[in-house]
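Come along and look with me.

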Amino acid sequence: MWSRKMRHGMAAAILVTGLSACSSLPGEAPAVTQQAAVDGERLSLEALYNTDTYQARGVPPTRWLADGSGYTTLENSAEGEGRELVRYHPGTQERTVLISATELTPTGRDTPLHVADYHWSDAGDKLLIFTNTKRSWRTHTLGDYWVFDLQARSLTQLGTFADASTLQFAKFDPAAERVAYVMQNNIYVERLRDGRITQLTHDGSDTIVNGTFDWVNEEEFFLRDGFRWSPDGKEIAYWQLDTSGTPVFTMINNTDELYPTLKTFPYPKVGEINASMRIGVMSADTGETTWMKVPGDPRQHYLVRMQWAGNSEQLFIQQLTRSQAVNRAFLADADSGAVTEVVRETTDSWAEYVDDVTFLDGGDSFTWLSERSGYRHIYRVDRDTGRLTAITRGNWDVVEVLQINEQQGWVYFIASPETPLERYLFRAALDGSSKLERLTPAQAGTHSYQLSANADYAVHTYSSVTQMPQVDMISLPQHQRIRLIKDNGEAQSALNELARGSFEFFQVRAQDGLQLDGFIMKPVNFDPNKNYPILFYVYGEPWGQTVSNSWGGERFLWHTYLTQQGYIVASIDNRGTKSPRGFDWRRSIYKNLGVVTVRDQHDALQAMLDRWSFIDEDRVGIWGHSGGGSQTLNALFRYPNAYDVGIALAPVPDLTLYDTIYQERYSGLLPEAAERYRETSAITHAENLQGDLLLVHGTGDDNVHFQGSERLVNELIKHGKQFEFFAYPNRTHGIREGEGTTLHLRTMMTDFLSEHLPAGAR
């Protein structure tokens, strides 16, 4: 019989092969980034959650003007209430108020519009303002729109025929003479000179969706805005969805009214019927539509991306199979609907769609991202032949394409060839000559950029583990600072005054030799000759990376609080996480999510116990949220001898309960993958629970449904397992809504750890 603390427990039965291509990545982890500061101030949960002392703030929406004359941002009005729109010259940083708070105040109102977002016309003579927003599904895409005309100095509301906060995705035509928008699943065009409104689609309903998307496509493919003006402004291309047949999920609100109320929406769980999708091109005057003849059953394929193909005659459409193993890109004739395949990506797991397609050479070629070399790189594709030419090469990934400057011959992108823990700005020659320049200076951490139209300037944001985000204006390619925009100085000073143990990145090997990245935060007043409890933070799924040299926000501060109580806090990025370590790294979890992911976590724990004698193997905890909650359950259930305590927030205990797009991508299709769903779901192994479990879920979670935790509760009860369970009424997936919620949640988690994983040295 296995003892409860078998130091080198049984490995999972399923082995992973094919990782040799990335086994040498990454390079050495960054050196220690934070030394201990034992004499600092003590953090309290009340100070962390009830004050803004430690809150790092970003900057309001920033937009570059197309003519290169500067960037605009919102700033508090010097004359009173509200904010004004300000332009800064990129070189001199001369400040000009373009639109005052008074001018942003509609006639008959006392206060200016609260600007949630805004967009400039191409000529910069009109501003489109988004305000009075509310959620559609999980994001605020519903609201009111106003247009400010800088020449007439006038402010006009769009769609005045509609109820408040019912318009979506308004955008100027190329000449800024009209605005198109969606209202209640139909597309409208409004002429600015006289306010004339034309309804272009008329079949929008609860099941027919024009110009926007259903829940699952918004959440998993980030498809929200579902129409595109043609470059000549004569036509509009748009998606239409038919959600009839998709099962409807129902959520109950027991608290807001005298009697319970219901919220229903189409939500396809694994194996269920998806919405059908098609793409049409219609006249911007009449709404007459030509449908694109993309092959395949529309309920067994996804039309994941669509754009005009560098002209007003063709569309560029990307289509994934339902399994997502194949991504086909088509050119579609806007007049006839005829399509021609131009490029295809095929895998044994899942293919990635491409966000960053830019047409070059007058439309004769376009840029493409592909992992066909084993790493994600930028290619140039000949429009007629489909021949690919590599622009970037090497055993490293392009993380994100920011901009392409065809005139100067550069593509600008984010990458980190030396270590996956950081992010830097690079540029590469578009001609395929392999000329590559790193533009970010040698400042370890994470860098992001908003580039001007010609990439001569950028709004640059920098952070690291110990540095809250700093925002400045820089010139490129020299990366010279012109002006500091935001430094979060007061919050940074408060952070610097805290008592903190040392922080370091490290690497350990999994049982097959693969290097895994991790970080470890040691307690304040750490004594290496004593033993301390350790708490792991885990996400472990393909949409997150927990080990990175970037500011960690509230979670990092709560972890800092725990180190002040006497805990070690650590995290490991297992294979399959969103780390730029190549195709094999990311695909190795296909049909093994919850198995190899947690095997890596367990391997890392064993290696750390061997390396560091100060870790108390009888006080090991793990916690996570969402996918991290699922991995926490898997760790407790699959390795009950290794983990003493687990806190699972909003987990997916049964993978068949999650949506089609996400779960089928990583776990396969039913019925052929039924056995893998059973094996990889934590609920299957719930009877093995030995440690102490705290399970937390919001009853209003429209993403990871409360239903899953209820099923797990029943399974644990069936097997006589004691645990703690807390339900937050009507909280959604983030468990944030409601006054005091975050403080309450973190206090409960802290108290649970204090009781079941006692802090301090032994």
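**Notebook: a first look around**

I began with the record: the UniProt annotation "domain: Dipeptidylpeptidase IV N-terminal", from an unreviewed entry, covers residues 122-468. Such annotations may be inferred rather than shown by experiment, and their positions are given in the numbering used here, with feature names shortened. I looked up this span and found it 2% helix and 47% strand, with its end C-alpha atoms 34 Å apart.

I noted that this is a predicted model, where local features need pLDDT of at least 70 and side-chain atom pairs count only at pLDDT 80 or more, while totals for chains, interfaces and linings use all residues. Residues are numbered from 1 along each chain as its sequence is written, and side-chain values use heavy atoms, leaving out hydrogens and water.

**Sheet 20-21-22-23**

I traced an open sheet of 4 strands in the order 20-21-22-23, with antiparallel pairing. Strands here are DSSP runs of E, at least two residues long, and helices are runs of H or I, at least four, numbered from the N terminus; two strands pair if DSSP finds at least two bridges between them. Strand 20 and strand 23 (339-346) are the edges, each with a single partner strand, so one side of each has no neighbour in the sheet. The twist from one strand to the next averages 20°. Between strand 21 and strand 22 I found 7 bridges, and Gln-314 stands opposite Asp-333 in strand 22.

**The largest core**

Next I looked up the largest nonpolar core, which has 47 residues. A nonpolar core is a set of buried Ala, Val, Leu, Ile, Met, Phe, Trp, Tyr and Cys residues joined through side-chain atoms within 4.5 Å; buried means under 20% relative accessible area with a 1.4 Å probe, protein chains only. Strand 20 gives the most to this core, with 5 residues. Leu-315 is among the residues with the most contacts inside the core. Leaving aside neighbours within four places in sequence, Leu-315 is in contact (heavy atoms within 4.5 Å) with residues including Ile-279, Met-292 and Phe-330.

**Strand 39**

How many residues of strand 39 (residues 568-573) are buried? I found 6 of its 6. Ile-568, Ala-570 and Ile-572 point one way, and Val-569, Ser-571 and Asp-573 the other. Strand 37 (residues 515-521) joins strand 39 antiparallel over 5 bridges, with Met-521 opposite Val-569. Strand 38 (residues 532-537) pairs with strand 39 in the parallel sense over 4 bridges, and Leu-535 has Val-569 as its bridge partner.

Key. Buried means under 20% relative accessible area, exposed over 50%, partly exposed in between (1.4 Å probe, protein chains only). Axes are lines fitted to C-alpha atoms, for helices over the stretch in contact, and angles run from 0 to 180 degrees between N-to-C directions.
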